[in-house]
Amino acid sequence: MNVHDKYKPLTFWERTYLPRIWDGLALTMRRFFFNLWHFTLASMGVKREWKGAVTVQYPEVRRLFWPRLRTLHRLTKREDGTPRCVACMMCETVCPAKCIYIVAGERPEKQIEKFPVKFDIDLGKCVFCGYCVEACPEDAIRMDTGVLEISAYSRNAMLLNRDTLLSFEPKKEYYVARPDLA
Ligand code: SF4
Ligand code: SF4
C-alpha cells in the first residue's frame, strides 16, 4: 500500500465529525440504558445474577492490587521489635527524589553495628519508584502496606518518621496473592 493512501482526503461527512460523534453518543447511550435496565431489575429482586456496570463501589469495595504494585512504605522489624534497618544509607543514596533522611546510631550488639535513630520519608517528594526497596540489603523497607490514599493538609504531615513507618503492617488481603507477606 502506498503510504499516502493512508492519508487520503477526508470526505465531506468525515470532515464534519458528525458520524464519529454519533457513534460515541450511541455507544454511551446503549451502555447507559443497558445498565439502567439491569440495575432496575436487580433492585426488584429479578435477575440479580446479571452483571451491570463494571464500576467498583470504592471505598466500600476495593479491587485487589497486583502483587507488584508499590504502595506506602513500611520498615520491617526483627523478632525483638527493633528495626531490621542497619542504617547503611543505601536507600538514601539511591533515592532519586532525595526524600529519605537517615541518622544512624550505634547498637550495643557487636554483630549489628548500627540502627536508624531517625528515618524519615517525605512522601511529598517520593515518586514511588521502589529503588529504596530494591537497594536494601536487609529487606528492611517494603512497599506492601496496600495504602494508596496518601494525602494531607500540610507538607509536614507528608513526612513519615521511623516509628510511624515501623508501625505499618503488610495488607495481604489487598493483594491478589502475596505468599511472601505471610
Ligand atoms: S520509592 Fe523511590 S522516591 Fe520514594 S523513597 Fe523510595 S527510592 Fe525514594
Ligand atoms: S532501609 Fe535498608 S537500605 Fe535503607 S538504610 Fe536501612 S538497611 Fe540500608
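**Group meeting: one protein chain, two ligands**

Just after helix 2, G45 takes a positive phi of about 85°. I start there, and a word of caution comes with it: this is a predicted model.

Helix 2 itself covers residues 18-43. At 1.5 Å a residue, its 26 residues should span 38 Å, and the end C-alpha atoms are 37 Å apart, which agrees. How many of the 26 residues of helix 2 are buried? The number is zero, so the helix lies largely in the open.

Y17 is not a glycine, yet it has a positive phi of about 65°. Y17 counts as exposed because 11 other C-beta atoms lie within 10 Å, and the cut-off for exposed is 12 or fewer.

Further along, in the loop between helix 2 and strand 1 (74-75), we come to P59. The peptide bond from Y58 to P59 is cis, with omega near 5°.

Now the chain as a whole. It has five helices and five strands. From the N terminus on, the order is α-α-β-α-β-β-α-β-β-α. A compact globule of 182 residues would have a radius of gyration near 16 Å, whereas this chain has 26 Å. The C-alpha trace spans about 80 × 55 × 35 Å along its principal axes. Buried residues make up 15% of the 182. Of the contacts with a separation of 6 or more, 67% are between residues 24 or more positions apart.

The domain assignment gives domain 1 as 9-55 and domain 2 as 74-181. Their C-alpha centres lie 46 Å apart.

Next, the ligands. Which residues come closest to ligand 1? They are C95, C126, C129, Y131 and C132, out of 13 that surround it. That shell has 12 nonpolar residues, one polar and no charged. Ligand 2 also has 13 residues around it, and C85, C88, M90, C91 and C136 come nearest. By class, the shell of ligand 2 has 12 nonpolar residues, no polar and one charged.

M89 is found in the loop between strand 1 and helix 3 (90-94). M89 has a positive phi of about 75° although it is not a glycine. With 14 C-beta neighbours inside 10 Å, M89 counts as partly exposed.

Two more residues before I stop. D120 is in strand 3, residues 114-122. Not counting residues up to four places away in sequence, D120 touches Y101, L159, L160 and N161. D120 has 17 C-beta neighbours inside 10 Å and so counts as partly exposed; buried would need 20 or more. From D120 to R78 is 42 residues in sequence and 19 Å in space, C-alpha to C-alpha.

M158 sits in the loop between strand 4 (141-142) and strand 5 (159-160). Where sequence neighbours within four places are left aside, M158 is in contact with D122, L123, G124 and A152. M158 and L123 are 35 residues apart in sequence, and their C-alpha atoms are 5.2 Å apart in space. Is M158 buried or partly exposed? With 17 C-beta neighbours inside 10 Å, it counts as partly exposed.

Technical notes. Residues numbered from 1 in each chain as written. Chains lettered and ligands numbered in written order. Predicted model: local features only at pLDDT ≥ 70, side-chain atom pairs only at ≥ 80, totals over all residues. Helix = DSSP H or I, 4+ residues; strand = E, 2+ residues; numbered from the N terminus. Rg over C-alpha atoms; globule rule 2.2 N^0.38 Å. Contact = placed C-beta atoms within 7 Å. Near = placed C-beta within 6 Å. Nonpolar A, V, L, I, M, F, W, Y, C, P; charged D, E, K, R; others polar. Expected span 1.5 Å × (residues − 1). Domains from an automatic or database assignment.
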